[in-house]
Amino acid sequence: MTLPESAVPLDASAYRAAMARLASAVHLITTDGPAGRAGFTASAVCSVSDAPPTLLVCVNRASSAYAAFCGNDSLGVSTLGAEHEAVAGLFGGRTPMEARFAAGTWRNLAGGAPTLADALASFACRIVGRHTVGSHEVLYCAVEAVAVSGEADALLYSEHRYRTLPRLLPISAAAEPARAPRAVGARPAEAAPRALRSA
Ligand SMILES: Cc1cc2nc3c(=O)[nH]c(=O)nc-3n(C[C@H](O)[C@H](O)[C@H](O)COP(=O)(O)O)c2cc1C
């Protein structure tokens, strides 16, 4: 079989290079409990279901935080805004756990894991399933409490750099003529184009 010109035989570096093209939200994943307090920066976070509310997180089994996630069942997800780039860097590795947690203001929504007080969205979870896949463990997490805060722009990671995604203006603030109410499931009104910018 002849490969298309753009295809390359798959190895880990080709896979990583392709994955770097994906723009991802950035989260802090945290835990506390009998195995201690720990956390790391993650993009491998995904909603599984809203019935019951469940998300998944992929954690590298070689990371310094992994032992704490093995011994605890609490897990917090703090979805970061543009002003959190520095704390994302601290939780991104090679920083002692105490220094990571000294950087933010934390609160306990439920279950024991700390979440960042000014995160765009916070999820307090209990780990209800684990599945090892290669270098990583997939943690299935039942969401027990959520919080949202602020109007900050979102922090993204793409092509090895942090970027920010401007928040859409509230519909009422947009300079648009009045429209009929939008039906559930209809496409949202187009926002004025605002560039995705590098952080
Ligand atoms: C933007 C970004 C996304 C990351 N996503 C993940 C992830 O989804 N899962 C993971 O285990 N590590 C992820 N990492 C790596 C961890 O944050 C961290 O570097 C790794 O756990 C090693 O940390 P350590 O020095 O404490 O061992 C990510 C790092 C960055 C900067």
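**View 1. Residue classes in the shell around the ligand.** By class, this shell comprises nine nonpolar, seven polar and one charged residues; Ala, Val, Leu, Ile, Met, Phe, Trp, Tyr, Cys and Pro count as nonpolar, Asp, Glu, Lys and Arg as charged, and the others, Gly among them, as polar. The model is predicted: local features need pLDDT of at least 70, side-chain atom pairs count only at pLDDT 80 or more, and totals for chains, interfaces and linings use all residues. Residues are numbered from 1 along each chain as its sequence is written. Of the 17 residues around the ligand, Ala42, Ala44, Ser63, Ser64 and Gly93 come nearest; a residue is near a molecule if its C-beta atom, placed from the backbone, lies within 6 Å of it. Strand E3 (38-42) and strand E5 (53-60) are the elements that give two or more residues to the shell. Strands here are DSSP runs (E, at least two residues), as are helices (H or I, at least four), numbered from the N terminus.

**View 2. The open sheet of seven strands.** The strand order is E3-E2-E6-E9-E10-E5-E4, with antiparallel pairing; two strands pair if DSSP finds at least two bridges between them. E3 and strand E4 (45-50) stand at the edges with a single partner strand each, so one side of each is left without a neighbour in the sheet. On average, neighbouring strands are turned by 30 degrees against each other, direction ignored (axes are lines fitted to C-alpha atoms, for helices over the stretch in contact, and angles run from 0 to 180 degrees between N-to-C directions).

View 3. E5 and strand E10 (residues 136-148) pair in the antiparallel sense over seven bridges. Leu55 stands opposite Cys141 in E10. In the largest nonpolar core, which has 33 residues, Val57, Leu75, Cys125 and Cys141 touch the most other members. Such a core is a set of buried Ala, Val, Leu, Ile, Met, Phe, Trp, Tyr and Cys residues joined through C-beta atoms within 7 Å, and a residue is buried if 20 or more other C-beta atoms lie within 10 Å of its own, with C-beta atoms placed from the backbone. Not counting residues up to four places away in sequence, the contacts of Cys141 include Thr54, Leu56, Arg126 and Ile127 (C-beta atoms, placed from the backbone, within 7 Å).

**View 4. The hairpin of E11 and E12.** Strand E11 (residues 154-158) and strand E12 (residues 161-165) pair in the antiparallel sense over five bridges. Ser158 stands opposite Arg161 in E12. Two residues lie between the strands, and Glu159 takes a positive phi near 50 degrees.

Conventions:
Buried ≥ 20, exposed ≤ 12 C-beta atoms within 10 Å, placed from the backbone. Contact = placed C-beta atoms within 7 Å.
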